[in-house]
Every structure is written in C-alpha cells, then in structure tokens.
Amino acid sequence: MTAGTLTRVVGALAEATGLGGVALHELVRVGDAALLGEVLRVSGDVATLQVFEETTGLRVGEPVVREQLPLAIELGPGLLGQVIDGIGRPLGRLAVLSGTFIQPGAAPPTLDRDARFAFEPARAVGDLVEAGDVLGTVADRGGFPFKLLVPPGRSGIVRHVRAGDVGLLDPVVTLDAGDPITLLQRWPVRRPRPAGARVAADRPFLTGQRIFDFLFPVAEGGTVAVPGGFGTGKTVIEQALAKFGDADVVVYVGCGERGNEMAEVLHEFARLVDPRAGRSVMDRTVLVVNTSNMPVAARESSVYVGLTVAEFFRDMGYRVAVMADSLSRWAEALREVGSRLQEMPGEEGYPTSLASRAAKLHERAGRVRCLGRPERHGSITLISAVSPPGGDFSEPVTQACLRVTSALWALDAALAHQRQFPAVDWSTSYSLDAQAMVEYLDQQVEPRWSAARARALDLLQRDAELREVASVVGPDALEDKDRLLLAAAAALREFVLGQSAFDPNDAFSPPAKTFVLAEAALALFERGAAALAAGRSFADLPIDAVRRALAGLRDAAADGLDESRKAVHEALAALSAPGVAEGGDA
Amino acid sequence: MSLARTYRGARAAAGPLVYLSGVQRAALGEWVSVESPGQPPLRGQVIDAGRDVTVVQVLEETLGLAPASVRITLTGDLASAVVGRDLLGRALGGVGTPRDGLPPPIGEAIAPLWGAPINPTRRLPPRDFIETGISAIDGLNTLVRGQKLPVFSGPGLPALELAATIVEHARAPRDEPFAVVFVAIGITERETRTFLERFQHGGALERSVLYLNQAQDPTIERLLAPRAALAEAEHLAFVHGLQVLVVMADITHYCEALREVAAAREEVPGRRGYPGYMYTDLASIFERAGVIEGSPGSVTQLPILTMPDDDITHPIPDLTGYITEGQVVLSRELQRRGVFPPIDVLPSLSRLMNAGIGAAHTVPEHRKWADQLYTIYARGREARMMVAIVGESGLMPADRRALAFAEAFERTLVGQGAERRSLADTIEAGWRLLDRLPPEDLLKLTPAMLAGREQQRRAAAEDRS
Ligand SMILES: Nc1ncnc2c1ncn2[C@@H]1O[C@H](COP(=O)(O)OP(=O)(O)OP(=O)(O)O)[C@@H](O)[C@H]1O
Ligand SMILES: [Mg+2]
C-alpha cells in the first residue's frame with residue numbers, strides 16, 4: 001500500500017503528496033487517526049482531499065493511505081431501521097463504540113456482521129442468471145421479502161446455492177465465474193445503480209396530506225421541490241410524508257439539519273404504526289443523518305448515500321420514497337468545499353456545476369423497469385426541501401431544483417405566520433403530473449375527484465381576488481354572495497387544505513376523508529349560494545354550524561367518522577332551507 | 001508539552017492573522033503563543049496548517065506586532081478550555097482567563113473547544129417544560145429543556161432585560177435549579193451590567209459562570225468565547241447532571257468577527273459580505289444544546305441577536321432561524337407603546353412547544369387555548385391595518401371585536417411588566433380575554449372547553465358571593 005504525506009490541512013480539506021497514481025474520487029485514510037477522505041483534485045504530485053470527519057488535530061506530516069476504492073456503502077438485509085451518517089457509519093453502533101459524542105476515526109461497518117438470515121432460494125443449480133435476477137429472499141424488518149439480486153454487471157450459470165441459515169458474508173450463490181455472491185454488497189454512492197427503461201408514472205404517490213393529494217398530486221417516481229423560508233414547515237411535511245406516505249421503503253436524509261429533529265424522528269417512528277403494513281414505521285425506514293454540526297463533506301455525500309440505498313430497494317421492485325431535508329445544505333456543502341478549492345465561483349458563490357449536479361441527482365429518481373427476472377417495476381419518489389436565504393426563491397439552489405423537478409410545493413412565510421399549515425401557496429404551487437394523477441383518482445378513488453379539484457381551485461382564485469377588493473373597500477361593503485364566497489373559501493382553507501401534523505386524528509387523511517371534507521366545503525358555497533338566491537340573507541345562514549361540523553369531521557377519530565359525516569350533512573342541509581332536512585351529496 | 005516548537009519571526013502579518021513558514025508538523029486547531037519583545041504573549045490558533053505556510057489566527061489585539069521580531073511557539077496542544085464545577089461563581093475572559101481577580105480555576109477536565117457533535121441516536125427529544133414566568137413565552141411559545149430559542153432583537157430593544165428576567169425566573173419541572181452560563185460577545189460594559197444586575201439577587205451568581213468578551217476586548221476572541229462557554233455548559237450538564245441555561249449576547253457581534261477573519265483571508269464573500277460557511281459555523285455553536293441519554297442534565301440556549309436595521313431577512317437572523325428551534329421576536333412598535341416584554345407573538349414561534357405542553361407537562365388543551373388566542377390576535381392585527389384604510393366603520397363586527405381584543409392582549413397578556421407570572425396565571429389571563437368574546441369567535445375551542453370554562457367561572461362567582 002502506498003502511503004503519502006499530509007502537507008496541508010484547512011477546514012474540511014487537506015493536501016497530500018506521494019500518493020502516486022491516485023484517482024479522482026478515490027478514498028484515502030488521512031492521518032494517524034485514519035480519517036476517511038476522498039480525492040477531489042490531483043495536480044502533479046499533490047492530491048487535494050476532502051475529509052469526511054472532523055479535521056481539528058490533523059497534523060502536517062501525518063500519513064495518508066490510498067484505499068484504491070471510491071466512496072461506497074454496504075447494502076444488504078438489516079439496512080431497514082438503521083440510522084447511518086453521511087458516509088454510511090451506523091450511528092447506533094458508533095455510539096456503543098465511541099460514546100455520546102462522535103469522535104473522528106471510529107468506523108464500525110454499516111451492517112452488523114453477527115446478523116443471521118434464512119435464505120430461501122428462487123433459482124437452482126444449473127440456471128443461467130443475469131444481472132438483476134432474483135436469486136432468492138430472506139425475511140427482513142420491512143415485512144416484505146428482501147430479495148437477493150445478481151449484482152449489476154454479473155451473469156452466469158448457478159453452480160452452488162446455500163439455502164437456510166446464512167450470515168452476511170457467507171457465499172450464498174456461486175456462479176461459474178467471479179466471486180461468490182453474498183447477502184452483503186457494496187456500491188459506490190456517486191454512481192447511479194443501473195436499471196431498465198423508465199416507465200410512465202401511472203399512479204400518484206399518496207401522501208395522506210390533503211393539500212397535496214387533492215390539489216397537487218405527484219406521480220410515483222416524481223420529484224418535488226419544497227422550498228420555504230425558515231419555519232415554514234418543510235421538515236414537518238417531510239416527516240409527515242415519511243410517516244404516512246404510501247411507499248414500501250422510506251429513506252429519510254437529514255442533510256445538514258438539526259439533531260433534535262432526528263431524535264424526534266427516531267422516537268416517533270419507532271412508536272408509530274404504519275396503518276398499511278401494521279408495523280412500526282421505523283421498520284420501513286432508513287435514516288441517513290448528517291446534522292449541521294457534523295462534517296460538511298459528509299453532508300454532501302449523505303444525499304448520495306440515501307439515493308444509493310433507495311436504488312437498492314427500487315431494484316428489488318419496491319416503491320421507495322426519499323425525503324431530502326434539505327438540498328440547500330447539500331449545495332452549501334459543495335460551495336464550502338468549492339471555495340476552499342479556490343474554484344471559480346458561479347452565482348452566489350456556488351460552483352458553476354450546481355445546476356448539472358442537481359439535475360443528475362434528480363435523475364436518480366423515477367419509475368423504472370428493474371433489471372432481471374421476474375419482471376417488475378420499482379420507483380423512487382424524491383421530495384426535497386429547499387431552504388432559500390431570506391425565503392427568496394430566485395436564488396440558485398431553488399432555481400436549479402425547479403428546472404428538474406416535476407412538482408413545486410411552494411411554502412409561504414405569510415401563511416406560516418397565519419398558522420395556515422401546511423403553508424403551501426396554492427397560487428404558485430404546481431404538479432406537472434396533476435392531470436394524469438387526478439384521472440387515476442377519478443377512476444380508483446372517487447369519480448368526482450377531478451371536478452371537485454377544479455371547483456376548489458376556482459373558489460380559491462375568486463377568494464384571492466375578492467380579498468384584495470375587501471382590503472380596499474372594507475369587508476362590510478361586500479355583498480352577501482361575496483361574503484358567502486369568503487366564508488366558504490375560509491372553510492376550505494381551514495378544514496381541507498389546513499391539516500395539523502400534531503393532531504393524532506388529523507395527521508393522516510386517507511383519500512376518502514380528503515374528498516368528503518373537500519366536497520362539504522364546496523357544498524357550503526354552492527348550497528349557500530342557492531339559499532341566497534332563494535331570498536335568505538347571509539346573516540341568516542348557519543355558517544358557524546357548518547364550520548363546527550367540518551371541524552368535527554376533520555378531527556374525528558377513525559371510528560367516529562360516520563357520525564361526524566352525518567353531522568356535516570345535517571349542517572349543510574340546514575343551509576338550504578330552515579327546518580327542511582335534505583339528503584346531500586356530501 | 002514535549003511537542004512544543006518555537007520559531008523566530010513570521011513571514012507576514014495582516015489584521016488578526018500571522019503567516020509562518022517552515023513550521024514543522026503544525027496541527028489544525030493547535031494553540032499558539034505569539035510573543036513580541038517586552039509584551040505579554042498573545043494567544044492564537046492554527047487555522048491553516050501547511051508544510052509551506054501555516055496561518056495563525058491571533059485572538060488578541062495585534063496592534064504593534066512586528067512579524068520579523070516575534071517569537072512563536074506552537075504548543076502541541078489543541079485549543080481547549082478548563083471546565084469544572086469550580087468555575088461556578090467565576091467571571092472569566094473570552095478564553096477563560098480570570099476577570100474577577102481570583103487565580104485561574106483549577107477545573108476538573110480540559111475540553112477541546114471545537115466540541116464533538118452529539119451522536120443523534122443518543123439524543124432524547126426535548127420534552128420538559130421550562131416555566132419562564134413570561135406569558136408570551138410560557139403560554140404561546142413554550143420553551144423546553146434542550147431547546148435553542150434565540151431572541152431576535154433590534155438596536156435599543158430590551159433583549160438582555162428579557163434574558164435576565166428569564167434566567168431569574170426560570171423554573172424546571174421538578175424545580176431543579178438552573179446553572180447559568182452567560183457569554184458576553186462584544187456587548188458594551190453597560191449592557192453586561194444591565195444583564196448582571198437583573199439576575200444577581202438571590203445567589204444567582206453562585207450558580208453562574210460568566211464569559212466576558214466585551215466591546216473593548218479583542219474581536220477575534222469572540223469566536224472562541226461561546227465555544228469555551230459551551231464546553232463548560234456541556235460539562236455541567238452531562239457530567240454533573242445540571243440543567244444549564246446558556247445566554248449568549250450578541251450573536252451579531254460574533255458574526256462580524258467571523259466576517260473580519262474571512263476578509264483578512266481574502267475569501268470570496270457570500271451574502272452581504274458574510275462568509276459562505278456561516279451557516280455551518282453558527283450550527284457548530286447552536287447545535288450544542290440538547291438532552292442526552294444517560295444524563296439528567298440538559299443544555300438550553302437563549303442566544304440573543306440584533307437584527308441589523310430590524311431586518312429579519314438579514315443573513316444573521318436568517319441563518320440563525322434556519323438552525324434554531326424557533327425564535328422570540330421583539331417589536332419596536334410594542335416597545336414604543338410601553339409594553340414589556342415587547343414580544344411580537346405573530347412572528348415568534350417555539351418549534352418544540354408541542355412536545356412540551358399538554359396534560360403531561362402544562363395543562364390539557366394548552367394547544368387549543370394558544371391557537372385561539374393567536375388566531376383572534378392575528379385577526380385583530382389585520383383589522384388594525386385595515387382600519388387605516390377603510391376606517392373602523394368599514395369593519396365587520398367580528399373584526400371590531402378582534403381589534404379590541406388585540407389591544408387588550410398586548411396590554412395585559414404580553415405586557416405583564418417585570419413581575420413573574422405562573423403558568424396558571426398566564427392561562428387564566430388568556431381565558432379572561434377570551435371570556436369577553438361570543439362563542440362564534442371561539443371556533444378553535446371545543447364545546448367541552450367552553451363548557452368547562454363556563455363552569456369554572458360559575459364556581460368562582462359562587463365562591464365570591
Ligand atoms: N402541518 C403542520 N401542523 C401544525 N404545525 C405545523 C405544521 N407545519 C409546520 N408547523 C409549525 O411550524 C414549525 C416549523 O416547521 P418546520 O420545522 O417544518 O419548518 P422548516 O421549514 O423545516 O424550517 P427550517 O428551514 O428552519 O428547518 C413547526 O415546529 C410547527 O410549529
Ligand atoms: Mg426544517
């Protein structure tokens with residue numbers, strides 16, 4: 001092994017000489033503590049490195065050793081439920097090893113070597129297999145089988161299969177050429193895992209959040225940017241989707257954000273039961289955590305680590321959702337490293353490659369035909385928070401993301417100040433998939449979904465215009481029908497689009513509930529209008545009763561939904577004519 | 001100290017930086033001593049360790065430093081601070097030298113200043129309510145142990161008075177006493193005094209450690225003062241199990257020091273001249289708050305910052321808001337109207353509030369009570385703006401009620417003056433404001449809450465008669 005010498009240390013960067021023949025992006029071990037680093041630049045005999053661990057204390061003259069490998073992570077059964085950092089170290093076992101505070105240089109492997117699994121082969125000796133073929137399965141935490149695939153680039157005739165009890169490093173399947181295949185595999189994180197052709201996104205990634213499912217549904221395999229100033233609710237949204245989004249596997253990347261948030265995620269996910277799978281949400285989750293005070297280089301890599309884990313499960317044919325909070329921190333990590341490298345800065349100091357890197361990163365999402373047999377589809381839906389300085393979306397990171405994402409859920413500080421959560425600005429948000437997705441919802445959930453959506457968007461639009469007028473002439477000067485419109489739109493905003501992440505009954509809204517609530521708020525407007533036309537005055541309309549009934553339905557426990565629905569019906573009926581009960585379409 | 005190496009003469013000096021060449025085995029973060037003939041040695045730290053050139057950031061005043069004649073010693077040790085329980089009751093300089101005329105503290109351990117990050121899997125989610133005695137905080141923006149909740153202030157606003165009031169009045173759930181670590185970062189002598197005088201009574205100083213880097217003190221020392229203080233706070237919290245409140249004032253001065261070093265290094269400036277790594281740098285301070293498994297202690301931070309020009313989108317409040325768990329925003333308008341504390345609850349937010357309230361911590365239905373107050377107040381504030389355009393007669397009756405509510409809310413609930421208010425009194429003060437409103441204005445409250453309140457009032461009325 002070639003050992004070089006450390007010649008400079010500044011921030012997260014180091015320089016070394018004597019690493020003859022070292023390649024770009026090759027891993028190195030830096031210093032006496034053997035910190036993990038990566039080669040960013042080679043110029044003559046000098047290699048510039050970014051160090052993934054704390055560099056304080058590194059001394060000029062210490063050794064640097066080549067690893068002859070790029071940054072890669074371990075993949076295999078046992079990943080689900082894990083918490084790993086931006087370079088794949090398991091934080092739980094790291095704490096056992098080195099204590100409460102993270103010390104540089106300690107590196108237990110990602111996957112626990114002592115774990116045992118029962119391998120059920122799907123292929124037999126003599127079969128010809130190709131990359132991506134399912135060789136067999138083991139049970140894993142997720143409640144769905146973990147599939148062992150022929151690794152990318154491999155193929156051959158099966159010579160040996162070991163069924164039953166196996167460890168991570170045991171040869172499970174041997175082909176006629178190459179190393180035996182083990183449950184544990186490695187993949188370089190910066191290289192996308194190969195997959196078959198993209199297939200059209202045909203159904204929505206249902207979030208359980210009304211405003212997204214109802215107004216801005218995104219396709220499975222789609223990409224969403226969620227920009228918003230501080231405190232506008234990005235993390236709450238990411239966490240809600242991680243908890244309640246309809247996916248087989250969730251990869252949550254806490255990139256340069258808060259430690260307390262991660263503690264919250266860990267404690268809550270472990271306790272919360274996924275309504276669809278009937279097991280702990282943590283069982284379907286992999287957490288990649290590099291908090292804002294952890295090394296900046298590992299912040300940049302954490303996003304790639306997360307995407308590699310996602311691709312690994314996608315290749316098995318699962319539907320994976322990736323939450324990245326926040327891509328701005330990823331971009332800033334690039335900027336920090338870039339400026340120390342004295343690269344020519346682009347806009348606002350970000351590297352000029354920012355846009356192309358953002359595009360490449362988003363390209364790793366999508367719905368694809370997986371390689372190998374049996375034929376299957378897998379998907380990665382990527383939902384990324386973006387933290388624009390000063391909440392100004394014209395900045396480079398937001399813009400770079402918007403150029404490549406298929407949806408924008410724009411968060412608005414004014415709405416957040418009004419405590420209208422999720423603080424999604426419905427006038428600027430969009431989903432390019434919306435049309436196709438509401439067609440799906442019309443067919444699969446409720447035939448009037450797309451019509452209700454159109455009515456709601458129309459009502460919101462008219463509400464915005466009217467409120468502008470009211471702010472000039474005063475609300476008192478409005479006519480009854482306008483007041484009704486304002487009241488109905490307020491109900492729509494409060495009880496349909498608004499959703500408290502902290503109310504156990506309301507945090508998750510199944511599509512059926514979403515529709516009923518939306519339809520009722522719209523009926524308030526339409527039936528109220530009919531009543532006004534029939535001569536009633538706005539002041540006589542029992543708006544508050546409808547509001548109370550809507551609040552009751554929104555906050556009802558699952559077993560009280562029917563009753564609350566009835567109450568909404570009755571309140572709406574009272575709108576049409578005093579004392580005359582009437583069946584409705586709510 | 002066998003690793004100590006001494007050199008004569010520096011290659012160059014500029015501002016707070018000294019450039020050395022030919023230094024052997026410099027380590028990033030190594031302590032350096034810089035001596036000029038006939039002067040006391042200056043402390044510095046290696047910020048760029050190189051075989052050819054090594055850059056030392058000098059923490060003290062470099063006025064009169066002549067590169068050719070300095071004697072430079074690299075100590076072999078990393079920048080660190082003495083920590084220990086015996087520091088309680090002491091006043092120290094920004095890097096730990098005594099300011100109270102007493103000998104240097106012996107301490108119990110030496111802690112590195114850079115501060116290793118807490119392993120996120122070892123954190124416990126903050127949950128325990130801290131009663132600050134301030135209604136706008138306890139009722140509407142609840143502080144919990146392990147949180148970092150900054151005060152966004154403006155020039156001339158009483159942020160330090162507020163912090164002192166909190167420190168003086170704060171009570172932990174089981175009445176455990178707080179230890180207080182106060183870091184003055186570039187604030188004036190007078191500001192420091194304001195703070196200290198407020199909370200000195202009642203033996204508060206005995207359970208405090210003061211780190212003082214004031215306006216007249218070396219700028220670069222400001223970069224180390226909060227780190228030395230946090231090392232001590234972590235020691236008190238996680239070794240001794242104490243509840244520690246860290247008050248840091250003023251983060252704005254800290255950021256200016258950061259900018260000064262960046263400029264001296266000729267780095268490409270980021271937004272408004274602040275370095276691009278300011279987020280990371282501030283995070284390395286603010287993230288040193290929390291509660292961990294296996295220790296009863298906690299570190300809670302109350303950083304104070306001055307928003308230049310009262311502009312909340314300025315990089316300093318902006319980046320802080322992106323790291324901390326909410327913010328308490330002071331308002332010039334309320335200050336002008338004599339409201340103390342002048343907390344504007346609309347832009348204020350405690351993100352950890354939900355975890356720290358409710359039946360298990362404060363009162364059941366705390367959330368709904370707070371939401372209701374907030375909603376009507378927000379409506380009243382909107383009405384106040386509308387009045388300017390359409391006059392009060394143009395308002396709907398409900399808006400008019402909200403307008404009156406907003407006035408009363410600011411005067412009584414927020415503007416409590418210097419007195420301490422228990423949570424129960426805060427809740428009652430809020431209810432009193434709500435009592436004046438008809439039920440149709442109170443849609444955030446459940447019928448059960450309204451009925452409960454009604455019953456409570458009737459019982460109280462009977463008691464009186
Ligand atoms: N759906 C919601 N229901 C109730 N409260 C919410 C909701 N979304 C956000 N909030 C409130 O807003 C606060 C801030 O939200 P969040 O932490 O998600 O902001 P953020 O956009 O991630 O901010 P930052 O960029 O600083 O991380 C929460 O602590 C909570 O009080
Ligand atoms: Mg966030």
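Accessible areas here come from the Shrake-Rupley method with a 1.4 Å probe, and for residues only the protein chains shown count as cover.

1. **Basis.** This is a predicted model, in which local features need pLDDT of at least 70, side-chain atom pairs count only at pLDDT 80 or more, and totals for chains, interfaces and linings use all residues. Residues are numbered from 1 along each chain as its sequence is written, chains are lettered from A and ligands numbered from 1 in the order in which they are written, and side-chain values use heavy atoms, with hydrogens and water left out.

2. **Surface of both chains.** Chain A exposes about 20,600 Å², and carbon and sulfur atoms supply 53% of that area. Chain B exposes about 17,400 Å². Carbon and sulfur supply 53% of the chain B figure.

3. **Burial.** A residue is called buried under 20% relative accessible area, exposed over 50%, and partly exposed in between (1.4 Å probe, protein chains only). Chain A has 586 residues, and 60% of them count as buried. In chain B, buried residues make up 59% of 465.

4. **Secondary structure.** Helices (H or I, at least four residues) and strands (E, at least two) are DSSP runs, numbered from the N terminus. Chain A holds 15 helices and 24 strands. Chain B holds 13 helices and 21 strands.

5. **Overall dimensions.** The radius of gyration is taken over C-alpha atoms, and the globule rule is 2.2 Å times the number of residues to the power 0.38. For chain B the radius is 25 Å, close to the 23 Å that the rule gives for 465 residues, so chain B is as compact as a globular protein of that length. Chain A has 27 Å; a compact globule of 586 residues would have a radius near 25 Å, which agrees. Along its principal axes, the C-alpha trace of chain A spans about 90 × 55 × 40 Å. The corresponding spans for chain B are about 85 × 50 × 40 Å.

6. **Contacts along the sequence.** Contact means heavy atoms within 4.5 Å. Take the contacts in chain A with a separation of 6 or more: residues 24 or more positions apart account for 70% of them. In chain B, 74% of the contacts between residues at least 6 apart in sequence join residues at least 24 apart.

7. **Charge.** Lys and Arg count as positive and Asp and Glu as negative; His and the chain ends are not counted. Each charge is placed at NZ of Lys, CZ of Arg, CG of Asp or CD of Glu. Chain A carries 60 positive and 75 negative side chains, and the centres of the two sets lie 3 Å apart. Chain B has 49 positive and 56 negative charges, with mean positions 2 Å apart.

8. **Domains of chain A.** Domain bounds come from an automatic or database domain assignment. Chain A is divided into domain 1 (3-71), domain 2 (114-183), domain 3 (197-432) and domain 4 (449-576). The centres of domain 1 and domain 3 of chain A, taken over C-alpha atoms, are 31 Å apart. Their contact takes 13 residues from domain 1 of chain A and 10 residues from domain 3 of chain A.

9. **Domains of chain B.** The assignment gives domain 1 (5-78), domain 2 (81-355) and domain 3 (366-464) of chain B. Between the centres of domain 1 and domain 3 of chain B, taken over C-alpha atoms, lie 62 Å.

10. **Backbone points to check.** Most residues other than glycine have a negative phi, and most peptide bonds are trans. The bond from A:R373 to A:P374 is cis, with omega near -10 degrees. A:P374 sits in the loop between β21 (366-369) and β22 (377-386) of chain A. The bond from A:F421 to A:P422 is also cis, with omega near -10 degrees. A:P422 belongs to the loop between α9 (413-417) and β24 (430-431) of chain A.

11. **Positive phi.** A:Q68 is not a glycine, but its phi is positive at about 60 degrees. A:Q68 lies in strand β6 (residues 63-70) of chain A, and is exposed at 51% relative accessibility. A:Q342 has a positive phi near 60 degrees and is likewise a residue other than glycine. A:Q342 is in the loop between α6 (327-340) and α7 (354-363) of chain A, and at 70% relative accessibility counts as exposed.

12. **A pair in chain B.** B:E333 lies in helix α8 (residues 332-336) of chain B. B:E333 is partly exposed, with a relative accessible area of 41%. B:E333 and B:D344 are 11 residues apart in sequence and 9.1 Å apart in space, C-alpha to C-alpha.
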